[in-house]
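I opened this entry to record what I looked up in one protein model. The notes go from the whole chain down to single residues.

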Amino acid sequence: MAVYKHGVYVTEQPTGVVAPVQSTAGLQVVIGTAPINRASDPYHCTNVPILATSLKEATAALGYDDDYEKYTLCQSMGACFKVLGVSPVVYINVLDPAKHKKTMTETTVQVNSGVATVAVKDILLDKLVVKSASTDLTAGTDYTAAFDDEGYVTIAIIPGGKAASATSLTVSGTQIDPTAVTADDVVGGVNAQGAETGMEVIRQIYPALNMTPGILLAPGWSENATVAAGLQAKTTGINSVFPRRLHRRCGQLHTGAKMYTGVKQQKEKQAITSANCYPVWLYAKVGDVVYAGSAMAAALTVATDAANGDIPYVSPSNKTLAISAACLKDGTEVLLDQEQANVVNSFGVATWLNMNGFRLWGNNTACYPGNTDPKDRWFSVRRFMSWDDNTFIQTYFQKVDDPLNKRLIEALVDSENVRGNSFVSRGICARHEIQYIESENPTTSLLNGCITFHKYLSPFNPAEDIEELVEFDPNAISDALGRLNEKGGYELWHWILT
């Protein structure tokens, strides 16, 4: 049975030309774990989309820690806000303090000048139990507790309280446990009550934030085959409306491929073949800090969009960024030359190349080399076409349920072609034209309220291979010598040559 379609809604316009809706071209959606015990509200930041435009906002909502292996969302925070300075980003934390927790080992800490530091991370402040000489202390009356910059709990004794003269304290409680988070938590699902978790929360982004996701990634998790499959599946549509919108950045090739020659086998093993996937092999190191390749590449893609009018038509490949080395997950540095990096590209995988500074290297989506259709193969072309599709939906959604008459057709065609002509004149596309073709709109369809427009779209693909042909021209030598002879230079050359 055909799906009944009812979409693109009505808003009256004083003129026939509709202004396009402005939207973020490459909005990142990052799924993983965060140190939510340090968040402003640890119990209401799990499995919900959280929008952040700065490190300060992200830290307040989710907490921040430099332990990127434990807290994978922090990799994206570092890459976006510290290294490349791009925003906004939507984070989905799957660490649940009610589920992923453990009992803290009771410990004794010394009180110095009225302050004690508990050198244990991941403590839930509201579950902290503090005693002095076996006497329970009350927060706010006998002491105050807060996190320091390292994530440790600092306890300050309140004068006049039960612990005013204490020299040591006994501390116990509950810690969040990021090691208890599994791939199933990242993939998520929908329970009997309809609550969505993990990747299923992606559906909530547009209705909750009125923003369309652009790049989906799970740094540190996409190496897992289950997560990789889930990410690939989620790239095909959003809210059953936005087609092929998500582009997945994956770092799942790191664990299985230690050398560039093993990338192909690892990609095939995990069945990564979608045109909406852009695999990245190797991590990126900034100083001693190791970032997932997906986190750094996604941030670089957004920075490239921002430098080009927020239109995703320029490839992020060959764009430099401030990393100091490419490496494996354990920090072992890998130095590829251009020939080796090109081999990785031939597998449909991007990587990092040091050519007068490190740069992302690779234009192919994961469908290559099995699929060489230019609309699917080239990452920048695929992103532009997806972005253009979604811009069309958002722009003309207000026209749904308007009278299906000639005025509607002319208004939509004229408006879209004004936008398309702008792209062509700026060198973004070779062709961007929409038409209403009568043969594609039979009377039966029109009577059912269905109207079809035909768009011809040709974004420019990247100039991946630039070659120069150099030819030695022997005739130029004789011509040059002949010119010298005409000027009386024959004797001079004869003298030099003999």
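What follows are my entries on this predicted model.

**Whole chain.** I began with the secondary structure and found 14 helices and 22 strands in the protein chain. The chain has 498 residues, and 47% of them are buried. I then looked at contacts between residues at least 6 apart in sequence: 70% of these join residues at least 24 apart. The exposed surface comes to about 24200 Å², with 52% of it supplied by carbon and sulfur atoms.

In soluble globular proteins, nonpolar side chains tend to be buried together. The largest one holds 73 residues, and the members that touch the most others are Leu-62, Met-77, Tyr-91 and Trp-352. Helix H7, residues 293–306, gives this core its largest share, seven residues. Another core lies apart from it and has 17 residues, including Val-109, Leu-128, Tyr-143 and Ile-157.

I listed the neighbours of Tyr-91, leaving out residues up to four places away in sequence. Among them are Val-30, Val-48, Pro-49, Ile-50, Leu-62, Leu-73, Met-77 and Phe-81.

**Helix pair.** I next checked how H2, residues 73–84, packs against H7: the angle is about 40° and the axes are 9 Å apart. The pair is therefore oblique, since angles under 35 degrees would count as roughly parallel and 65 to 115 as roughly perpendicular. The crossing of H2 and H7 is right-handed. On the H2 side I noted Gln-75, Ser-76, Ala-79, Cys-80, Val-83 and Leu-84, which meet Ala-295, Met-296, Ala-299 and Leu-300 of H7.

**Backbone exceptions.** Most residues other than glycine have a negative phi, and most peptide bonds are trans. I went through the exceptions to that pattern.

- Ser-87 and Pro-88 are joined by a cis peptide bond with omega of about 0°. Pro-88 sits in the loop between H2 and strand E3 (89–93).
- Tyr-368 and Pro-369 are also joined by a cis peptide bond, here with omega of about 10°. Pro-369 is in the loop between strand E20 (358–361) and helix H9 (374–377).
- Ser-113 is not a glycine, yet its phi is positive, about 55°. I placed Ser-113 in the loop between strands E4 (101–110) and E5 (115–118). Ser-113 is exposed, at 80% relative accessible area.
- Asn-210, not a glycine either, has a positive phi of about 55°. Asn-210 belongs to the loop between helix H4 (205–209) and strand E11 (215–217). Its relative accessible area is 58%, and Asn-210 is exposed.

Note on methods
Residues are numbered from 1 along each chain as its sequence is written. Side-chain values use heavy atoms; hydrogens and water are left out. Helices (H or I, at least four residues) and strands (E, at least two) are DSSP runs, numbered from the N terminus. Buried means under 20% relative accessible area, exposed over 50%, partly exposed in between (1.4 Å probe, protein chains only). Contact means heavy atoms within 4.5 Å. Accessible areas come from the Shrake-Rupley method with a 1.4 Å probe; for residues, only the protein chains shown count as cover. A nonpolar core is a set of buried Ala, Val, Leu, Ile, Met, Phe, Trp, Tyr and Cys residues joined through side-chain atoms within 4.5 Å. Axes are lines fitted to C-alpha atoms, for helices over the stretch in contact, and angles run from 0 to 180 degrees between N-to-C directions. Angles under 35 degrees count as roughly parallel, over 145 as roughly antiparallel, 65 to 115 as roughly perpendicular and the rest as oblique. A crossing is left-handed if the near helix is turned anticlockwise from the far one by less than a right angle, and right-handed if clockwise.
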